[in-house]
Amino acid sequence: MRQRVATAVWRVVLAAGLVCGIGLLPWLTRTDPAHTVLKARSADRDPTPEVLADIRAQLGLDGGPLHLFGRWLGGLAHGDAGQSWISGNDVLPDVLQALGASLLLMTVALVVAALTTAAVCARTLRLGARRRLDGRRRGGTGSAVVAALPEFLLASVLATVVGVQLGWLPALGWYGPQWTVLPALALGLPAGAVLGRLLDDLLPGAFGEPWALAAAARGLTGRSIARQAVRRCVPALLPNLGLFVVGLTGGAVAVEQVFDIPGLGRTTLQAALAQDLPVLQAGTLALLLLAALATLATRLAGRLLTGPALRDGALSSLHRPAPPARGLLPLLHGGVLLAVVAWGLFRDPLALDTGQRLRAPSLAHPFGTDALGRDLLARVGHGALDTLLLASAITAAALLTGVLLGLVPRVSAPLVDTVNAVPPVLAALLVTAVAGSGAATPAFAVGAVAWAPLATHTASLLRQERATLHITATRGLGAGRRYLLRRELLPAVLPPVVRHALLRLPGVALALASLGFLGLGAQPPSPEWGLLLAENQPYAERAPWAVLAPAAVLALLGALAVTAAGGLRRSRRRSRPQPVVTGPQPTGDAAEKELAGAR
């Protein structure tokens with residue numbers, strides 16, 4: 001009970017600290033908020049001392065940030081979040097309307113993600129139901145390509161091709177259910193591909209557990225066994241699903257920009273850029289509450305699915321040694337990516353030739369040229385030095401931080417909930433306000449949130465692994481915590497978390513690209529991949545190669561990450577013997593009890 005109270009207090013302190021930091025944003029930028037408000041309200045008026053003083057008096061800026069924050073908290077107690085500094089409208093109705101649009105979009109995107117996850121795992125489920133799994137990962141590289149597609153690029157392609165050229169669905173605006181389809185596809189397809197890869201990583205272990213063997217001997221259908229196998233694996237993924245829920249709500253800024261959706265992420269970003277403090281604080285508070293609700297829902301669902309087995313230490317381990325994976329695909333993808341980068345490094349990424357603007361791919365320019373006549377292959381190759389090296393460094397740091405914090409879930413869980421409520425775009429604005437803009441700003445912003453999914457995954461796997469039968473038996477034989485952690489828990493948990501980190505590598509690169517796309521990352525003439533996509537996006541219809549070239553390299557990076565993750569197997573340890581079914585198979589009540597234990 002005392003630990004729960006301490007955890008709750010820790011959550012409240014972190015949430016209050018974040019909201020206070022957001023409240024100090026105008027002052028952290030070392031600019032006068034009155035200047036920003038005047039520019040947003042009326043850009044033609046001169047910022048004379050009298051005009052600025054009048055704005056400060058209207059907004060109560062003379063009292064300082066603490067006075068404003070106290071007045072805002074006092075208003076919340078009465079259901080009043082204040083008035084917008086820009087429009088003068090009440091904040092709460094506008095934020096609730098934006099939250100409603102984001103929740104609707106998130107719900108449809110989760111449906112798309114669930115269907116995508118089912119498609120990624122379909123082959124593994126089919127083979128597992130037929131008892132033909134050999135432990136190797138079955139997912140192909142198609143899901144890797146989908147997971148590596150930038151959401152803003154996918155949104156732009158869907159809006160241009162499906163919405164404008166084909167006219168099948170509306171492309172812009174937010175007027176009804178039909179307007180949710182294209183943005184939900186742009187958000188749900190990459191999220192479902194990542195979740196599908198994580199689920200596909202756990203399914204072979206579930207199909208090899210004793211209950212599955214007993215169910216097959218009892219004569220249960222393969223479909224029933226596959227359904228129970230999914231149920232067995234879902235609790236380990238629920239925490240990450242909670243992260244996706246908040247990410248699809250507050251982190252969908254680029255997609256909302258493309259489709260002109262008045263969602264919470266876009267509203268919060270616009271308020272941050274305009275330093276509209278009441279709207280920014282209310283939007284951040286809504287994201288925090290959503291993160292808390294998502295965390296609570298996933299924990300309750302995990303307990304319902306796992307049952308008393310988690311409490312009683314009666315689970316089987318999902319992570320077992322597997323045959324070595326084939327190593328040709330990682331070498332192939334890595335070789336192609338290295339060849340493209342090396343080829344581009346021998347070219348000048350800044351050479352201008354206005355007579356060669358938006359030229360199609362040719363022998364002289366294999367990837368074509370951009371709107372200024374610069375060679376795209378050269379820019380892609382030189383941009384790899386920024387994007388790939390930076391994304392790799394951030395991923396390695398996030399892996400180390402995630403594993404270390406995942407080992408202490410009482411500390412990390414509230415921190416994860418708070419960090420996850422901050423979209424990378426808002427984190428970039430906070431980092432810029434504190435440290436100033438520069439080349440390192442996107443790295444700090446993405447690195448500040450990239451560790452959260454890995455810490456959640458580590459804590460979830462550790463919780464289930466601690467409840468396994470062999471851990472219970474080893475603890476009963478007198479093994480201490482250090483021995484269990486070093487010899488049993490870490491060897492079981494590290495391989496899937498490292499594979500998860502590799503799956504996140506393209507996502508880190510995409511986050512950096514998203515900041516560049518929104519103008520918060522690298523600045524021209526840098527050849528950073530996100531900036532390349534942003535610069536060439538207006539010419540997507542006339543010169544699609546200008547957008548497809550960096551997008552294809554990002555997809556290739558995703559394929560490399562997934563195939564390399566498939567080659568990582570759990571190292572052989574001084575392990576427990578695996579269950580071997582010999583003699584007569586369990587039937588009748590014995591098999592039913594085995595299956596009931598899995599449920």
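Predicted model: local features only at pLDDT ≥ 70, side-chain atom pairs only at ≥ 80, totals over all residues.

**Exercise 1.** Work out how the axes of α6 and α13 are oriented to each other.

*Solution.* Start with the axes: helix α6 (residues 91-129) and helix α13 (residues 264-274) come within 7 Å, crossing at roughly 135°. Angles of 65 to 115 degrees would be roughly perpendicular, and over 145 roughly antiparallel. The two helices are therefore oblique to each other. Next, look at who touches whom: V95, A98, L99 and S102 on the α6 side meet L264, G265 and T267 on the α13 side. Sorted by class, that contact has four nonpolar and three polar residues, and no charged ones.

**Exercise 2.** Find out which residues of helix α4 (residues 49-59) are buried, and how they are arranged around the axis.

*Solution.* The buried set is V51, L52, I55 and L59. Looking down the axis of α4, these buried residues fall within an arc of 95°, so they line one face of the helix.

**Exercise 3.** Search the whole structure for aromatic pairs and classify what turns up.

*Solution.* The search gives one pair. Y175 and W179 sit 5.5 Å apart, centre to centre, with 80° between the planes. Planes over 60 degrees apart count as edge-to-face, and that is the label for Y175 and W179. Now check accessibility: Y175 has 68% relative accessibility and counts as exposed, while W179, at 22%, is partly exposed.

Conventions:
Residues numbered from 1 in each chain as written. Heavy atoms only, no water. Axes fitted to C-alpha atoms, helices over the stretch in contact; angles between N-to-C directions. Helix = DSSP H or I, 4+ residues; strand = E, 2+ residues; numbered from the N terminus. Parallel < 35°, antiparallel > 145°, perpendicular 65-115°, else oblique. Contact = heavy atoms within 4.5 Å. Nonpolar A, V, L, I, M, F, W, Y, C, P; charged D, E, K, R; others polar. Buried < 20%, exposed > 50% of the residue type's maximum accessible area, 1.4 Å probe, protein only. Arc of directions from axis to C-beta. Phe/Tyr/Trp six-rings, centres within 6.5 Å; stacked < 30°, edge-to-face > 60°.
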